[in-house]
Amino acid sequence: MPKLDDVIADILPEAQNAPADMLKKAMLDAARTLCRRSKVWRVDVEGTMIPGIAQVELELPRETSVVDVAYLYMQREQLFTGRFSAAPDGTVTLADVPVDGGPLRAVASLVPTEKATGLDDGLYDRWGTIIRNGARWLLKSMHGREWFEAQVALYHQQEFERGIGQAAHAALNACQKSPVYPLKNRFF
């Protein structure tokens, strides 16, 4: 997982005198926006159902929260939307209380937490250009700062929005083709 300290060098030329914390926040905010709006960061996570309890805790990667659960499988049987709900902390609430216990698998769309110290390797490798455009837009649109440039900010905003659309399209297409048990940590 690349640390935010390491990836801010990718946008430093855009805001030479910006404090490191501001650069990290811009990168993290851009990554969070990309993940939240496109649902592009999907992972296969597990949990354990306990008979008589309608809530299951999913085992999430560190410094992440859930945006959405695309698929939920109980003993190889797919549950459809409306039969469960998911909270950002990875708690899945089932519509029906399970009679049997056992493993539960979910395909969850994730987002880095607000206090994340790094970005996932696969996420940054695949979607880093879009994240950097989002961070540049956030930085360049800061009125009153020496690095403020409205036209450059507008350009990066348009590139960021286009990138989010491409990522959302890729995630949707991959979701429609998804096998019953997808590979762990898929980045579309």
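I started with the fold order: along the sequence the protein chain reads α-α-β-β-β-β-β-β-β-α-α-β.

Housekeeping before going on. I am working with a predicted model, where local features need pLDDT of at least 70, side-chain atom pairs count only at pLDDT 80 or more, and totals for chains, interfaces and linings use all residues. Residues are numbered from 1 along each chain as its sequence is written, and side-chain values use heavy atoms, with hydrogens and water left out.

**Overall**

I boxed the C-alpha atoms along the principal axes and got roughly 60 × 30 × 25 Å. Of the 188 residues in the protein chain, 46% are buried (under 20% relative accessible area; exposed is over 50%, partly exposed in between, with a 1.4 Å probe and protein chains only). I then looked at contacts (heavy atoms within 4.5 Å): of those with a separation of 6 or more, 76% join residues 24 or more positions apart.

**Rings**

I searched for aromatic pairs, meaning rings of Phe, Tyr and Trp (its six-membered ring) with centres within 6.5 Å; planes under 30 degrees apart are stacked, over 60 edge-to-face and the rest tilted. That gave me two pairs. Tyr 71 and Tyr 73 are stacked, at 6.1 Å centre to centre and 25° between the planes. Tyr 71 is buried at 14% relative accessible area, and Tyr 73 is buried at 4%.

Trp 137 and Phe 160 make a tilted pair, 6.0 Å centre to centre with 35° between the planes. This pair links distant parts of the chain, with Trp 137 in helix 3 (residues 121–140) and Phe 160 in helix 4 (residues 150–177), 23 residues apart. I noted Trp 137 as partly exposed at 21%, while Phe 160 is buried at 2%.

I also found the charged end of Arg 126 over the ring of Trp 127, 4.0 Å from its centre (the rule wants NZ of Lys or CZ of Arg within 6 Å of the ring centre and within 35 degrees of the ring normal).

**Pocket**

Last, I checked the largest pocket and got about 240 Å³ of space. Its lining has 13 residues, with Met 49, Met 74, Leu 79, Pro 98 and Val 99 nearest the centre. A pocket here is an open set of points on a 1 Å grid over the protein atoms alone, where a 1.4 Å probe fits, with protein on both sides within 12 Å along at least five of seven lines; lining residues have an atom within 4 Å of a point. The volume is the space filled by probe spheres set on the points.

Note on methods. Helices (H or I, at least four residues) and strands (E, at least two) are DSSP runs, numbered from the N terminus.
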